[in-house]
Amino acid sequence: MGQLVNGVWKDEWYDTDTSGGEFVRDSAKFRNWITADGSPGPTGEGGFAAESGRYHLYVSYACPWAHRTLIFRALKGLEPHVGVSAVHPDMLSEGWEFRTDFPGATGDGLFGTQYLREIYLRAKPDVSGRVTVPVLWDGQRGTIVSNESADIIRMFNGAFDQITGNEADFCPPDLRDRIEDLNARIYDTVNNGVYKAGFATSQAAYDKAVGPLFDSLDWIEELLAGSRYLAGDRVTEADWRLFTTVARFDSVYHTHFKCNRRRIVDYPNLWGWAREMHQWPGVAETVRQDHITRHYYYSHDTINPHRIVPIGPRPDWTAPHGRG
Ligand SMILES: N[C@@H](CCC(=O)N[C@@H](CS)C(=O)NCC(=O)O)C(=O)O
């Protein structure tokens, strides 16, 4: 685990000394947008037009943020148009690596490099900051379009529709405000909440994160009692963003990040919804519990110094979801 400082790799764990033991997430550095015609998106510069074969996605199957982008790539029929390289699940002193000695770890399909940081350095030789997945690479301009998953899934949702003919819209205008409200609470207390609890280095910081996390899960359980999906009767971006955290919850966050007031399987509505999401066409193939468990338990040696991967729990994602 480390980061780039003016283009030089420094091996250091998250600094929580200056924040009272609280984990504070860095903001993403590359924020351009692919658009249908190459016009600028909400942030960054223009010149990134949707084209088949031009862009490449670097992911970790372990990472919930990268997982969102894999789901949208599948749901939007982008597999033939946007290639993927998957890193090795171990994130150690060199950061994410392209080793291939783990099933599903593909190596760097574009340049054959050893470390993900080399992709960042290709885009900006003096870049500073964390080297995170996902990364969306532009093969034509030889740079990173974006390393922010929230933006990448919005691009995938709409920018390539003329190429794919797939017009499924997971962020329709009439639900946009509702989706933004759901995302805001779920990002802060659930998606990032598990990390704030897990990476806390003081009791106070842990307590501050874990309470709101379970308050939100209780609230979602209520919501899903009267609604098929988070924003109503249609699946939206809000569901997919929640799903990738829920998919890791019982197998990792419950034990490794000490998010253990309850498991997901203890919430009947949430657990049924989660199975439905998992069983959605194309989604199960994006969920790799082998990468998920190996990554967290093996990489975070400040939390789990002996790197022992526990035996459970391993819920049955294939059981009928009963949400019909
Ligand atoms: N804001 C980013 C966050 C991505 C992120 O933090 N990814 C983690 C993996 S789950 C990572 O690569 N961490 C490496 C590090 O922090 O050094 C996004 O959503 O795309």
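Which elements cover the buried residues of α7? I began with this point in the predicted model. I found that the cover includes α5 (176-191), α6 (193-198) and α9.

**Entry 1. Helix α7**

I listed the buried residues of α7 as Tyr206, Ala209, Val210, Leu213, Leu217, Ile220 and Leu224. I then checked the length of the helix, which runs over residues 203-226. Its 24 residues should span 34 Å at 1.5 Å a residue, and the end C-alpha atoms are 36 Å apart, so the two values agree.

**Entry 2. The loop between α7 and α8**

I looked up Ala231, which is found in the loop between α7 and α8.

**Entry 3. Helix α8**

I turned next to α8, which covers residues 237-256 and has 20 residues. From its first C-alpha to its last it reaches 27 Å, close to the 28 Å expected at 1.5 Å a residue. Where is the kink in α8 centred? I placed it on Phe249, with an angle of about 80°. I counted 19 of the 20 residues of α8 as buried, so the helix is largely enclosed by the rest of the structure.

**Entry 4. Residues with positive phi**

Just after α8, I found Lys258 with a positive phi of about 60°. Lys258 is placed in the loop between α8 and α9 (268-279), and the positive value occurs here in a residue other than glycine. I classed Lys258 as partly exposed because it has 16 C-beta neighbours inside 10 Å.

I noted a positive phi of about 60° for Arg307 also, although it is not a glycine. Arg307 lies in the segment after α10. With 12 other C-beta atoms within 10 Å, Arg307 is exposed.

**Entry 5. Cis peptide bonds**

I recorded a cis peptide bond from Val133 to Pro134, with omega near 0°. Pro134 has its place in the loop between β7 (129-130) and β8 (135-138). I recorded another from Gly312 to Pro313, which is cis with omega near -10°. Pro313 is found in the segment after α10 (289-299).

**Entry 6. Helix α3**

I examined α3, residues 149-158, and asked how many of its 10 residues are buried. The count is eight, so α3 is largely enclosed by the rest of the structure. I listed them as Ser149, Asp151, Ile152, Ile153, Arg154, Met155, Phe156 and Asn157. What covers these buried residues includes α1, β8, β9 (143-146) and α8.

**Entry 7. Strand β2**

I located Lys10 in strand β2, residues 8-10. Lys10 counts as exposed because it has 10 C-beta neighbours inside 10 Å. Lys10 and Gly158 are 148 residues apart in sequence and 38 Å apart in space, C-alpha to C-alpha.

**Entry 8. The ligand shell**

I asked which residues are closest to the ligand. Of the 13 residues that surround it, the closest are Cys63, Trp65, Arg130, Thr132 and Ser149. I divided the residues of this shell into eight nonpolar, three polar and two charged. One of the closest residues, Ser149, is also among the buried residues of α3.

**Entry 9. The two domains**

I consulted the domain assignment of the chain, which gives domain 1 (3-164) and domain 2 (173-282). The C-alpha centres of domain 1 and domain 2 lie 23 Å apart. I found 14 residues of domain 1 in contact with 17 residues of domain 2. Which helix gives the most to the side of domain 1 that touches domain 2? I identified α1 (residues 64-75), with six residues. I divided the residues of that side of domain 1 into seven nonpolar, four polar and three charged.

Terms used:
Residues numbered from 1 in each chain as written. Predicted model: local features only at pLDDT ≥ 70, side-chain atom pairs only at ≥ 80, totals over all residues. Near = placed C-beta within 6 Å. Nonpolar A, V, L, I, M, F, W, Y, C, P; charged D, E, K, R; others polar. Helix = DSSP H or I, 4+ residues; strand = E, 2+ residues; numbered from the N terminus. Expected span 1.5 Å × (residues − 1). Bend = angle between axes of the 7 residues up to and from the residue. Domains from an automatic or database assignment. Contact = placed C-beta atoms within 7 Å.
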